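Biologist: I have a few questions about how this fold is put together. Can we go through them with the model on screen?

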Amino acid sequence: MLFITGDTHGLSDVDKLHRFAGENPHLTKDDYMIIAGDFGAVWSILTLTEMLRFYSDLPFTVLFVDGNHENFDLLNAYPVTIWHGGSVHMVKPDVIHLMRGQIFEICGKTVFTFGGGTSIDRHMRREGISWWKEEIPSRAELETAIANLAQRGNTVDYIVTHSCDEKALYYPPLRSANKAMRALPDNLILNYFEENVTYRHWYFGHYHLDGALTDKKSVLYHTIETVV
């Protein structure tokens with residue numbers, strides 16, 4: 001089985017995973033949980049062992065796209081390998097970073113991943129300590145995504161990102177009755193996929209909200225969705 005949920009922020013928002021594991025004792029490491037960015041466990045050498053132990057102790061394999069609140073120096077230090085058809089950082093055998101612009105074959109479905117986002121609290125953070133410029137996807141990462149998608153005829157089953165495209169900002173729950181969100185660099189980059197890719201469903205996190213924007217696009221935080 002394949003599942004997906006929103007941000008976990010290290011150990012700050014992991015209760016949902018613990019509860020889910022308890023409610024589903026039949027799950028094994030052959031089942032997969034994708035975290036839609038702001039994984040946050042690869043944050044500091046001082047806390048890395050403790051953080052990763054929690055995720056490894058879960059009965060399923062944890063997959064994650066990166067968000068904007070990640071230590072990219074530490075994350076990118078892991079060697080790149082190929083897993084289920086796409087490039088990953090193998091943090092642990094059961095904790096795997098799905099890199100940007102990749103397409104994976106998981107549980108018989110194609111999953112396209114593209115992490116990254118904009119930190120609106122950038123002014124409160126220090127570069128190389130609590131903020132990294134790599135949070136915004138690069139042109140090279142976008143070109144890799146475009147090339148990989150072209151090989152698949154620009155068609156995948158699922159898209160998993162941390163942020164969302166600009167159009168998504170105009171739908172509830174992201175847009176409230178009296179407030180519209182401003183499009184940021186990550187939203188503009190993700191426009192390419194909305195405009196050019198055919199998909200069954202697009203899942204993203206980042207906004208600390210849960211809900212369906214349309215019948216093909218959902219924002220996740222505490223909710224855990226069954227994908228397959």
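Biologist: Which element gives the largest share of the lining of the largest cavity?

Modeller: This is a predicted model. The largest cavity has a volume of about 30 Å³. Its lining includes Asp 186, Ile 189 and Leu 190. The largest share, three residues, comes from H5.

Biologist: How do the residues of that lining divide by class?

Modeller: Phe 114, Gly 115, Gly 116, Pro 137 and Ser 163 are among the lining residues. Gly counts as polar here. The division is four nonpolar, three polar and one charged.

Biologist: Are H4 and H5 roughly parallel or roughly antiparallel to each other?

Modeller: H4 spans residues 139-151 and H5 spans residues 185-196. Their axes are 12 Å apart, at an angle of about 5°. Angles under 35 degrees count as roughly parallel. H4 and H5 are therefore roughly parallel.

Biologist: How many nonpolar residues are in the contact of H4 with H5?

Modeller: H4 brings Leu 142, Ala 145, Ile 146 and Leu 149. H5 brings Ile 189, Tyr 192 and Phe 193. No polar and no charged residues take part; the nonpolar count is seven.

Biologist: Which strands stand at the edges of the open sheet?

Modeller: Six strands form the sheet, in the order S7-S8-S9-S10-S12-S11. An edge strand here has a single partner, so one side is left without a neighbour in the sheet. The edge strands are S7 and S11.

Biologist: What is the bridge partner of Val 160 in S10?

Modeller: S9 (residues 158-161) pairs with S10 (residues 201-204). The pairing is parallel, over four bridges. Val 160 has as its partner Tyr 203.

Methods. Residues are numbered from 1 along each chain as its sequence is written. This is a predicted model: local features need pLDDT of at least 70, side-chain atom pairs count only at pLDDT 80 or more; totals for chains, interfaces and linings use all residues. Side-chain values use heavy atoms; hydrogens and water are left out. Axes are lines fitted to C-alpha atoms, for helices over the stretch in contact, and angles run from 0 to 180 degrees between N-to-C directions. Helices (H or I, at least four residues) and strands (E, at least two) are DSSP runs, numbered from the N terminus. Angles under 35 degrees count as roughly parallel, over 145 as roughly antiparallel, 65 to 115 as roughly perpendicular and the rest as oblique. Contact means heavy atoms within 4.5 Å. On a 1 Å grid over the protein atoms alone, a cavity is a set of points where a 1.4 Å probe fits but cannot get out, and a pocket is an open set with protein on both sides within 12 Å along at least five of seven lines; lining residues have an atom within 4 Å of a point. Grid points are joined across faces, edges and corners, and a volume is the space filled by probe spheres set on the points. Two strands pair if DSSP finds at least two bridges between them.
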